[in-house]
Amino acid sequence: MSQQQIRVGIIGAGSISDLHIAGHQRSSRSNVMAICDQNAERAKAKARQYGIPHYCTNYKELLSLKDIDAIVICTYNATHAQIAIDALASQKHVFVEKPLCISYEEAQEIEAAVKKSGKQLQVGFVRRFDSKVEKIKEMVDSGAIGEIYYAKMSALRRLGNPGGWFADKEKSGGGPLIDVGIHLLDLCLYFMASPTVKTVKAVTYKKLGSRNHIKNLSYYTAADPGEGNNTVEELAAASIRFDNGACLLLDTSYTLHASKDETVCIIYGTKGGVEVEPNFVVSTDCYNTILNAYPQIDQDVSHLQSAYPKQIEGFIDCCMNGSAPRHSIEDSLLTMKIIHAIYESAENGNEIFFE
Ligand SMILES: NC(=O)c1ccc[n+]([C@@H]2O[C@H](COP(=O)([O-])OP(=O)(O)OC[C@H]3O[C@@H](n4cnc5c(N)ncnc54)[C@H](O)[C@@H]3O)[C@@H](O)[C@H]2O)c1
């Protein structure tokens, strides 16, 4: 691409779109040209707020604009696949918020569309751009941690079903697993360099409901939280084994009788272990003793502050220079294969075996 700037269209003008619009507007290499939302008032308000020249309510209108090079998809999960496929067919680069889509079959269809179009597709697993994660990935890839053979990941919210479409399985594809647990699953696969999955055994529960009677605790909500049906799981727990012998234990909830929210992300290797969350600690043997080391790097209060702009610059690099996305379609094929198997195992009560 010989241009100095990419011209971007945003599809979905809800909560997360602000981070994308602001990030692209802060970049000297990007220009937000258009925004689309099925809710006309929301599209118009965001266009006015950010000085975006064009707004519309039908994403196909946005895709037909000649001066758009790339689109950012921030809509309901169940709409990601069709919008991404249509955008690729219109010769646009695509950034799609996580999850890529809601099924493994959809992921395969998107992969075919990416190959056919020759365009770039990056999926919004923003934590790969967190400075802590970047540092650990460097350590792992240099061999400092050894062979990672065990990992524990938890994303437990005691109260935090965002409501609206998030709570509607038809639109979201599932609950906390496909929404928040997927971030930690992705980190594990990233650190382990995309191992081949061998077996998946899982349970899901739906025992407490939305707990709308609880007051005085705030949490992330959909743009239209509404009072709709809650048809998603509220807790998922899974054991995932890989063909290199490694194992991941993952659990994640929207609601649970827990004393606090909890995020745990730990990898255990033959030369060292790394606790990414809740503390940032590297444990190893040194001088015949166990040594806990606390890496000293700048850390934001929220990973969103620096990771989102870095993720956006990464996508601009992909569009301008053809560099590989940090989370590619291939990465999401593996993620969606495991997510699908977790839901299948929980539904059937069986362990899922892959060839
Ligand atoms: N990376 C992260 O940490 C992170 C955080 C939050 C949300 N997300 C993802 O971002 C996406 C959006 O989430 P959100 O929190 O902004 O949701 P939201 O409910 O706040 O906004 C979604 C918007 O999409 C619009 N929309 C839905 N279908 C549409 C269509 N076909 N055409 C045009 N507009 C359409 C809705 O009207 C709504 O305004 C989801 O996939 C979610 O998983 C990622």
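Author: Two residues are in contact if their C-beta atoms, placed from the backbone, lie within 7 Å. In the protein, 75% of the contacts with a separation of 6 or more join residues 24 or more positions apart. This is a predicted model: local features need pLDDT of at least 70, side-chain atom pairs count only at pLDDT 80 or more, and totals for chains, interfaces and linings use all residues. Residues are numbered from 1 along each chain as its sequence is written.

Now the interior. Of the 355 residues in the protein, 47% are buried (20 or more other C-beta atoms within 10 Å of a residue's own). The largest nonpolar core holds 98 residues. Such a core joins buried Ala, Val, Leu, Ile, Met, Phe, Trp, Tyr and Cys residues through C-beta atoms within 7 Å. Ile-11, Ile-73, Ala-84 and Ile-342 have the most contacts inside this largest core. Its top contributor is helix H8, residues 176-191, with 10 residues (a helix is a DSSP run of H or I, at least four residues).

Take Ile-73. Leaving out residues up to four places away in sequence, Ile-73 touches Ile-11, Gly-12, His-80, Ile-83, Ala-84, Val-94, Phe-95, Val-96 and Glu-97.

Methods:
Buried ≥ 20, exposed ≤ 12 C-beta atoms within 10 Å, placed from the backbone. Helix = DSSP H or I, 4+ residues; strand = E, 2+ residues; numbered from the N terminus.
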